[in-house]
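Colleague: I want to learn how to read a model like this. Can we go through it feature by feature?

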Amino acid sequence: MKKLMILITLLVTLIITGCTQTKDFQIEYDELSEEQAKLLTLTGNRVYKYNLKNPPNDKNYELKLVYEVYKNNKKIKEKDIIGMAYGPTNEEINNIILEINIQDNKIRCISGQNGEAYSSIDIDENIEELSHQFFTKTTKINLGDEIYLFHGLKGKNGLKISDLGLLSKEDKDRYIKENELNVFLKLICEKK
């Protein structure tokens, strides 16, 4: 009888634990194949691919890709590149693919599961002349988060690679202060 009670307790615990687990909404860098990376290096292209996994289907929110520039400690530009709005639905939302290309003073973006949305902006900053780095990790996304995907700079102190992604206001302010020019691409998950 004692063994039966322990077995029932274990089964109830497993059922309750299994039913209450939720998948986290997250962004994951999707690395290009070695051949793709070589071709893009030869053509001078910069391409970044991200997979937004487990987007929530029970909330109103918007995902925006934003281009932001600071020069001599002042914000001189902020442009939305693309925005995608989502609302509550009974259907499961597929993972969202976000692909970004930076080349020849233009930023292009394709998003959606099958590239349903496309947008581009012209930029004045010559990113090829800047030191730069991009987000290559996986991180959880919450409503209200800003995920920094790219940092280009002219100056002495770039972001530590570990700082890309979720960047504190203090760290961002320090980088802006220490560099003549800072260029950011960030993904904003905004509650609506």
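Colleague: Start with the open sheet. In what order do its strands lie, and is the pairing parallel or antiparallel?

Modeller: Strands of a sheet pair through backbone hydrogen bonds, in either a parallel or an antiparallel sense. In this predicted model, the open sheet has 6 strands in the order E7-E6-E5-E2-E1-E9, with antiparallel pairing.

Colleague: Which strands stand at the edges?

Modeller: Strand E7 (117-122) and strand E9 (138-140). Each has a single partner strand, so one side of each lacks a neighbour in the sheet. From one strand to the next, the twist averages 15°.

Colleague: How many bridges join E1 and E9?

Modeller: Strand E1 (residues 26-29) pairs with E9 over 3 bridges, in the antiparallel sense. Within this region, Glu28 stands opposite Thr138 in E9.

Colleague: Now the core. Which residues touch the most other members?

Modeller: Leu63, Tyr67, Ile100 and Leu149, in a largest nonpolar core of 43 residues. Take Ile100: beyond its neighbours within four places in sequence, its contacts include Tyr48, Leu65, Leu149 and Leu185. Across the chain, 39% of the 192 residues count as buried.

Colleague: Where is confidence lowest, and where is it highest?

Modeller: Helix H1 (residues 2-20) is lowest, with a mean pLDDT of 45, and strand E3 (residues 61-71) is highest, at 96. The chain averages 83, and 85% of the residues score at least 70.

Note on methods:
Residues are numbered from 1 along each chain as its sequence is written. This is a predicted model: local features need pLDDT of at least 70, side-chain atom pairs count only at pLDDT 80 or more; totals for chains, interfaces and linings use all residues. Side-chain values use heavy atoms; hydrogens and water are left out. Buried means under 20% relative accessible area, exposed over 50%, partly exposed in between (1.4 Å probe, protein chains only). A nonpolar core is a set of buried Ala, Val, Leu, Ile, Met, Phe, Trp, Tyr and Cys residues joined through side-chain atoms within 4.5 Å. Contact means heavy atoms within 4.5 Å. pLDDT is the predictor's confidence in each residue, from 0 to 100. Helices (H or I, at least four residues) and strands (E, at least two) are DSSP runs, numbered from the N terminus. Two strands pair if DSSP finds at least two bridges between them. Axes are lines fitted to C-alpha atoms, for helices over the stretch in contact, and angles run from 0 to 180 degrees between N-to-C directions.
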